[in-house]
Amino acid sequence: MEPSAIVALLLAIGLAALIGMAAVRMSKKKPGRTLPEEDDERVAPPRTPPAPPAKAPPQPPRPGQPPFKGPPPSPGQPQRPSGPAPAPGRPIPMVDAKRKVVAPVEPPPPPAPKLVVALPVVRPLGAGLERTRKEGFVARLLDAFKRGTVDDALLAQAEEALLTADIGVKTATQLIEALKTEFKPSGGDLGPQVMEFFRKKTLEILEPLHHGVPKIAGRAGEPSVIMVVGVNGTGKTTTIGKMAHFYKNRGHSMLLAAGDTYRAAGMDQLVIWGGRVGVPVLAGNPGQDPASLMFDACRKAVTDGADLVIADTAGRLHTNVNLVDELKKVHKVFGKAIPGAPHEVLLVLDATMGQNAIRQADVFQQAVDVTGIVLAKLDGTAKGGVVLSIARDLGLPIRFVGVGEGIEDLRPFDPKEFAEALFATD
Ligand SMILES: Nc1nc2c(ncn2[C@@H]2O[C@H](COP(=O)(O)OP(=O)(O)O)[C@@H](O)[C@H]2O)c(=O)[nH]1
Ligand SMILES: [Mg+2]
């Protein structure tokens with residue numbers, strides 16, 4: 001071969017080798033990659049779906065795969081349905097000291113639904129005196145005592161203010177007399193001191209009687225009987241409904257007896273209350289002899305193992321004589337069915353009737369041995385002082401006070417709470 005041909009051959013081989021190397025380098029570079037090599041920061045691993053619940057239902061083993069037998073959960077350790085603990089296979093949060101946290105950010109778990117228990121609004125006894133207070137009885141008293149010196153004109157003004165709240169002449173006179181002889185002002189604003197003095201005196205008047213929830217003592221294994229009497233419209237049936245709720249909440253099992261057989265609507269009303277409270281009601285036929293219904297009610301209560309019977313009665317005043325005879329008969333029949341019954345006879349009076357309510361009491365006291373008073377509709381009057389007149393004129397304990405038409409609007413009467421609410425200065 002000629003030397004020039006050898007040189008040409010060598011040059012051709014060298015050129016081919018160069019082209020080959022260049023092709024290999026080109027093929028190593030990824031198409032589309034834009035980030036330079038040094039941009040190799042820690043990139044968060046791709047988001048993984050949330051870890052499965054710790055206690056996932058066991059999966060049936062795949063064919064050929066042995067069933068997984070993990071360690072049993074340690075006793076007492078609560079099983080979390082889901083939570084922040086990293087589950088196997090789940091990315092562990094990473095922190096770069098120089099840069100930012102690049103851990104996957106999980107959205108916060110949705111808040112657990114709150115258990116909302118609607119508590120009934122219980123109106124305090126004082127709520128029943130709102131109108132008495134709002135309509136200026138205490139404001140008038142405070143105003144009178146602003147003058148600072150206790151003289152006859154001031155005492156007359158104070159007595160008048162007391163009478164506007166229907167406290168009764170006897171009680172108003174007693175309070176004013178006590179003020180004259182016993183009250184010792186200690187300097188400063190007179191009004192609040194006088195209110196405090198009246199509060200104490202009111203308590204002294206009320207306290208000798210054992211007011212509040214009656215102690216019903218039936219014989220062991222026999223139901224106790226509460227007989228409820230009062231003029232139509234005073235609030236008997238409503239009070240019985242509220243009382244049933246009150247006693248049911250205290251664990252009593254009871255039977256309500258709808259003894260106002262003279263008025264079908266009256267019986268229906270008690271049946272509705274029974275449904276609302278969840279206690280059985282025995283209702284008779286319209287016009288049925290209430291005494292026979294009451295006898296049946298007592299028998300049924302014994303059979304059912306109830307420990308309390310609350311009996312509604314008629315209250316038609318226009319047939320006064322019949323009413324008295326009827327109530328006497330009913331009263332007697334209770335005693336025949338259950339020795340010692342009725343254990344309590346409650347007279348329901350309407351507070352909005354003021355002093356007239358006291359007159360009504362006579363009829364019922366002639367007929368039956370009334371053992372306590374329920375004063376309904378105290379919320380409906382500006383004359384809340386009538387509580388005092390009733391208690392002292394009738395000489396009977398006040399058991400409950402009605403402060404509204406709702407199921408919870410019956411308060412056991414507490415003289416201290418009453419005196420404080422009546423003479424509250426706020
Ligand atoms: N505001 C208010 N209304 C009452 C109260 N007690 C009863 N009532 C209402 O007085 C009316 C007569 O009550 P009801 O129980 O039928 O009287 P009854 O005829 O003696 O059985 C009804 O409209 C009751 O809702 C109370 O404490 N406050
Ligand atoms: Mg009624």
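1. Leaving aside neighbours within four places in sequence, Gly402 is in contact with Gly235, Thr239, Val374, Leu375, Ala376, Lys377, Leu378, Asp409 and Leu410.

2. Before going on, please keep in mind that this is a predicted model, where local features need pLDDT of at least 70, side-chain atom pairs count only at pLDDT 80 or more, and totals for chains, interfaces and linings use all residues. Residues are numbered from 1 along each chain as its sequence is written, while chains are lettered from A and ligands numbered from 1 in the order in which they are written.

3. Back to Gly402, which belongs to strand 7 (residues 398–402). Helices (H or I, at least four residues) and strands (E, at least two) are DSSP runs, numbered from the N terminus. Gly402 counts as buried because 26 other C-beta atoms lie within 10 Å; the cut-offs are 20 or more such atoms for buried, 12 or fewer for exposed, and partly exposed in between, with C-beta atoms placed from the backbone. From Gly402 to Pro412 there are 10 residues in sequence and 9.0 Å in space, C-alpha to C-alpha.

4. Now have a look at ligand 1. It is surrounded by 20 residues, and the closest are Gly235, Lys236, Thr237, Thr238 and Gly402; a residue is near a molecule if its C-beta atom, placed from the backbone, lies within 6 Å of it. Helix 7 (236–249) and helix 8 (264–277) are the elements that give two or more residues to this shell. Helix 7 provides the largest share, three residues.

5. What classes of residue make up the shell around ligand 1? There are two nonpolar, 13 polar and five charged residues, where Ala, Val, Leu, Ile, Met, Phe, Trp, Tyr, Cys and Pro count as nonpolar, Asp, Glu, Lys and Arg as charged, and the others, Gly among them, as polar.

6. Some backbone details deserve a second look. Most residues other than glycine have a negative phi, and most peptide bonds are trans. Lys377, however, has a positive phi of about 60°. Lys377 sits in the loop between strand 6 (372–376) and helix 12 (386–394), and is buried because 24 other C-beta atoms lie within 10 Å.

7. Asp166 also has a positive phi, near 60°. Asp166 is in the loop between helix 4 (152–164) and helix 5 (169–182), and is buried, with 25 other C-beta atoms within 10 Å.

8. Finally, Ala341 and Pro342 are joined by a cis peptide bond, with omega about -5°. Pro342 lies in the loop between helix 10 (320–337) and strand 5 (344–350).

Methods. Two residues are in contact if their C-beta atoms, placed from the backbone, lie within 7 Å.
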